[in-house]
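Please keep the structure open as you read.

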Amino acid sequence: MAEVLIIEDDDRIRPLLVRGLREAGHTVTSAPTGMAGLQLAVDSSPDLVVLDLGLPDVDGTQVLSMLRGVSAVPVIIASARADDPSLVGALDAGADDYVVKPFTSAQLDARVRAVLRRTDAGRTRPTTLTVGGLSVDLSGRRVHLDGTEVELTPREFDLLAHLAERPGEVVTKRDLLVEVWRQPWGGSDKTVDVHLSWLRRKLGETAADPRYLTTVRGVGVRLAAPPDLPSSQAD
């Protein structure tokens, strides 16, 4: 099934939601506050989030906005607020569905499955990315350069894969810190610079003499095929 994160402050309701979804076959984690839930969402990358609006530290709509800044994870709002402004506001802020309390575990499970069907249908992520002579196998987590396998650390692979999904695009260090290092509240650019240096070395190039990885000063980094090779493709 799915990995579901429940962000709900009510100590009576939260265990019931967790138990109900687990009985339906899902893997479930939970958090009692907005900020704790946001951190879990960033750290664990769940398949779906069930989010209450009436949280004790941050309003659920604000949590949703912050979450949307770093993730496209599907979100179902589960709230006692049944008025139109709350519903419309949550959907406009990026929620995928809205269910009003009280509801049964079976109803929530049905909503979860329906949202996942919609979002899965829209995903067409390729399994292999090719940029010039560089091949990135996303499912097997393997990289080949001109037919020769390149040994990368998990973080180096994630960094290269993120760039390979955006060939020719200048990706900011801020974006890399959020998407690769999962640090939505900031981090050190030096961390990115060091990993880029290691990655360049394994690809047989340097910042001064780039072939695939080009630094755009003050903006970020771009992965693109050398001019003498075809640009990119996805399988």
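Helices (H or I, at least four residues) and strands (E, at least two) are DSSP runs, numbered from the N terminus. This is a predicted model, where local features need pLDDT of at least 70, side-chain atom pairs count only at pLDDT 80 or more, and totals for chains, interfaces and linings use all residues. Residues are numbered from 1 along each chain as its sequence is written, and side-chain values use heavy atoms, with hydrogens and water left out.

**The lysine**
- Helix H8 spans residues 189-202 and includes Lys190.
- Lys190 counts as exposed because its relative accessibility is 57%; the cut-offs are buried under 20%, exposed over 50% and partly exposed in between (1.4 Å probe, protein chains only).

- Three strands form an open sheet in the order E10-E12-E11, with antiparallel pairing; two strands pair if DSSP finds at least two bridges between them.
- Strands E10 (170-172) and E11 (213-216) are the edges, and each pairs on one side only.
- From one strand to the next, the twist averages 35°.
- E10 and strand E12 (residues 220-223) run antiparallel and are joined by 3 bridges.
- Val170 has Arg222 in E12 as its bridge partner.

**Helices across the sheet**
- Helix H6 (residues 154-164) lies across E10, E11 and E12, at about 75° to E12.
- H8 lies across E11 and E12 and runs at about 150° to E11.
- Axes are lines fitted to C-alpha atoms, for helices over the stretch in contact, and angles run from 0 to 180 degrees between N-to-C directions; contact means heavy atoms within 4.5 Å.
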